[in-house]
Amino acid sequence: MSQTNTAPLRQRALLTDEQLAHLPTHHPLKTAQTGESAMIRTLTGRSADHSPVWFMRQAGRSLPEYRQIREGIPMLDSCLNPELAAEITLQPVRRHGVDAAIFFSDIVIPMKLAGVGVDIVPGRGPVLDAPVRTLEDIKNLPELEDSALDPIRQAVALTVEQLGSTPLIGFAGAPFTVAAYMVEGGPSRDHLRPRTMMHANPEAWEALGQWAARTSAQFLAAQIEAGASAVQLFDSWAGSLGQADYRRFVQPHSAATLAAIEHYGVPRIHFGTGTAELLPAMLEAGADVIGVDYRLSLSEAQRRLGGGIVLQGNIDPALLASGWDALAAHTDSVLEEGRCAPAHVVNLGHGVPPTTDPTVLTRLVEYIHTQTRKAS
Ligand code: CP3
């Protein structure tokens, strides 16, 4: 088996003048110096005066101001309203003092903008009008026109204008996670249909993987060019795959998405859940930083990655509701574990549960900043 330590794959120099040349002159890495923020310094393996923290799903139902502003407005409509998307992106930054904003949008937005019939059903998730199951279905998929991404560019521009030196993280769904929704036609537990399709109809799977890789890359490029200082590729459901299938049917598509934006030089975080066996393959796909879910310790993740890799993670979201003492003790151990990495971005091991008390998140940010602040 090849599931052994590999040598450190690469410690890429990031944010060089040559790479920044590919960003527009108004980009905040140039104008607002987001490149010197604790977040971007850490993502690029440099030291910072404290460990930066942000939370996946920090913008969302845990915030009363989010529930209020979203009232009566369907999810995808709010993503496509630039003022509203910008305001929702900023809410958790104002309230919690996190070190980065995550762009309020959804992994299904690129397919929606391409013209695929898709909606987000509250309490359930993305649901397609018609699942995509045959080569014919896939050949009939519309292409994403670049101009359709204008509401995204506007929302990002409005957001970064107000963020100043706080970086915005852009994101996209990784090709497997997006394709899994498309083939199933909705959420599923074990993603049987896409996993069957890979073997039963590899030609169809290849075509769908390429479509998803292309549209996710376009979505990321639009966010970067409009002002995102880093990006995260979410492969939330990669954990349902074995390593052999991941390497053969998924890694090339994720690699294509990550390669398509490499020239911008912004740090690329690659995250999935249940990915303990897949971490080296996810790094090889072209990530600069690996997001670790809550199931694996950061030191064990680092060992599997071969050492020297910047890590993000991995406070267990369940601990947000376990009382302060248990959460603080767990956070201390995550911070201690994070020392195995050249630099550590603190995050949860998956998204903020909607039932989370937001005051706990604010206190947690303050705690992480205090515990990691270096004497100046
Ligand atoms: O702070 C943030 O992270 C906001 C941006 C964001 C959303 N979705 C907003 C959202 C991001 C980065 C996502 C990505 C996303 N969407 C993923 C990958 C991350 C992960 O959680 O694994 C996935 C798998 C989706 C698909 C999706 N969209 C699901 C499963 C759901 C939940 C459905 C539900 O009602 O429980 C959504 C809807 C969604 N996306 C919400 C938010 C805030 C909830 C919508 C609401 O408020 O009604």
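Because the model is predicted, local features need pLDDT of at least 70 and side-chain atom pairs count only at pLDDT 80 or more, while totals for chains, interfaces and linings use all residues. Residues are numbered from 1 along each chain as its sequence is written, and side-chain values use heavy atoms, with hydrogens and water left out.

We start with the ligand. The ligand sits in the largest pocket. A pocket is found on a 1 Å grid over the protein atoms alone: it is an open set of points with protein on both sides within 12 Å along at least five of seven lines. A molecule sits in a pocket if more than half of its atoms lie within 2 Å of the pocket's grid points. The elements that give two or more residues to the shell around the ligand are α4 (64-70) and β3 (125-128). Such elements are DSSP runs, numbered from the N terminus: helices are H or I runs of at least four residues, and strands are E runs of at least two.

Which residues come nearest to the ligand? They are Y66, D106, G123, S236 and H350, out of 27 residues around the ligand. A residue is near a molecule if one of its heavy atoms lies within 4 Å of that molecule.

For S236, an N or O atom in the side chain lies 2.4 Å from an oxygen atom of the ligand. For Y66, a side-chain N or O atom is 2.6 Å from a ligand oxygen. On its own the ligand has 870 Å² of accessible area, and the protein covers 91% of it. Accessible areas come from the Shrake-Rupley method with a 1.4 Å probe; for residues, only the protein chains shown count as cover.

Buried means under 20% relative accessible area, exposed means over 50%, and partly exposed lies in between (1.4 Å probe, protein chains only). C79 counts as buried because its relative accessibility is 0%, whereas C340 is partly exposed because its value is 30%. How many disulfides are there? The count is 0, where a disulfide is a pair of cysteine sulfur atoms within 2.5 Å.

The backbone has a few points to look at. The peptide bond from G313 to N314 is cis, with omega near -25°, and N314 is part of strand β8 (residues 310-315). Q33 is not a glycine, but its phi is positive, near 60°. Q33 is found in the loop between α2 (28-31) and α3 (38-43), and it is partly exposed because its relative accessible area is 46%. H191, also not a glycine, has a positive phi of about 55°. H191 is in the loop between α10 (175-184) and α11 (192-200). Is H191 buried or exposed? H191 is buried, because its relative accessibility is 4%.

P342, in the loop between α16 (324-337) and β9 (344-348), is partly exposed because its relative accessible area is 42%. P342 and R46 are 296 residues apart along the chain, and their C-alpha atoms are separated by 7.9 Å.

Helix α13 (residues 243-260) holds L258, and A255 is in helix α13 as well. L258 is buried because its relative accessibility is 1%, whereas A255 is partly exposed because its relative accessible area is 22%.

Helix α12 (residues 202-226) contains W205, which is buried because its relative accessible area is 1%. W205 and F249 are 44 residues apart along the chain, with 7.9 Å between their C-alpha atoms.

Technical notes:
Polar contact = N/O pair within 3.5 Å; in protein donor to acceptor, adjacent residues only side chain to side chain. 1 Å grid on protein atoms, 1.4 Å probe; cavity = no way out; pocket = protein on both sides within 12 Å on 5 of 7 lines; lining within 4 Å.
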